[in-house]
Every structure is written in structure tokens, then in C-alpha cells.
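Hi,

Here is the structure I promised to pass on to you. Have a look first, and then read on for what turned up in it.

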Amino acid sequence: EMRKNKLLKIFEIISVLLICLILLGFNNEDENIKYVRSNYVEGMNGLTYIIYSKEELDNYFNTYKDEYGLSHKENSDSERFEDVIEEYDEEFFVENQLVIILLSAEGSNIRFKVTNYEVVDGVMNVSIEEVYPLFVQEQMSGMYIVIQINVDKLKDVIINIK
């Protein structure tokens, strides 16, 4: 009976810790950053795009939607890219740009998190952390990171992955 209680206590503690970890994982404090799963495409890792207009965004979407699966949900922890970009209209691009970063992961449940970004002389430096789960699902996957940025014309994006 005592051993059973001890096991129950341990189970309760582990459960609470897991719930905390899950909640932390979904805490995305910067609403200027969106994370979207995509198909894995060879050579996608580290590609960056700066989008200056609604027309450019639409062209990008139409060019890559099939290849990267941008119209369908890759899995339940992600929105569709198509839905994410709906809010960006001509008015948004009057004072803002979008930075699109493509990353690939060795597992479909590996996440990426932007830990910091800053713009100096028109160059945006983005620090990204790769977040590994306890067990990696052995399936290559893609990740889009979309960052809204309000600066004069961005010239370049440099990414650092930890």
C-alpha cells in the first residue's frame, strides 16, 4: 500500500511537470512571429525571403504552395500558411515587411523558436533555437517562420541557429 502511494505521488509529480512543459511550449509571447509547418523540401533549410508587398506575398504563395504544401495543415500543432498570411493586405505593407525563414527538421515534432531579433543598418539578425522533444519522430519536416517587421527597407536577413 505504501509503495502504491509512493508510485502515485511520483506519477502526479511527473504529470504536473509534463503539463508545465506543454504549456511552456505553446507560449508564443511575440505575436509578430508565426510558426507554420510545411512539407520538407531538399535544400530549403536557411532560405530567407523579404516580402515588401501584397503582390509579392501572393506571388510567393502561388509559386510555392504545392511544393511546400502551403494550403494544407501539416499537423495539428500548426496553422496553415494560407490562413496565416490572410491578414497581410496592401495596408499592412505600407509600413511593414514580412521576413520568411524556411527551416528543415530531422523530426516532425522538432520545434524552432525565435529567441531574439534585431535590425542594424537594414540587416536583420535572427537567433533561433531548435527545441528537441524527448522522442524525435523520424520524419523530415519543414518549418516556416514568418516575422512581421516595421522598419525602413530591410536589405538582408542573417539567421543563427542554436
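This is a predicted model: local features need pLDDT of at least 70, side-chain atom pairs count only at pLDDT 80 or more; totals for chains, interfaces and linings use all residues.

Searching the whole structure gives 11 aromatic pairs.

How are the rings of tyrosine 60 and tyrosine 64 placed, as to centres and planes? Their centres are 4.7 Å apart and their planes stand at 40 degrees, so this pair is tilted. The two tyrosines are four residues apart in helix 2 (residues 54–68), which means that about one helical turn separates them. Tyrosine 60 counts as buried because its relative accessibility is 5%. Tyrosine 64, with a relative accessible area of 22%, is partly exposed.

Next comes the pair of tyrosine 68 and tyrosine 144, which is edge-to-face because the planes are at 85 degrees, with the ring centres 5.7 Å apart. This pair links distant parts of the chain: tyrosine 68 belongs to helix 2 and tyrosine 144 to strand 6 (residues 141–149), 76 residues apart. Are these two tyrosines buried or exposed? Both tyrosine 68 and tyrosine 144 are buried.

Finally, a look at another residue. Arginine 111 is found in strand 4, which covers residues 111–120. Its relative accessibility is 27%, so arginine 111 counts as partly exposed. Between the C-alpha atoms of arginine 111 and glutamate 129 there are 8.4 Å, with the two residues 18 apart along the chain.

Enjoy exploring!

Best wishes

Key. Residues are numbered from 1 along each chain as its sequence is written. Side-chain values use heavy atoms; hydrogens and water are left out. Buried means under 20% relative accessible area, exposed over 50%, partly exposed in between (1.4 Å probe, protein chains only). Rings of Phe, Tyr and Trp (its six-membered ring) pair if their centres lie within 6.5 Å; planes under 30 degrees apart count as stacked, over 60 as edge-to-face and the rest as tilted.
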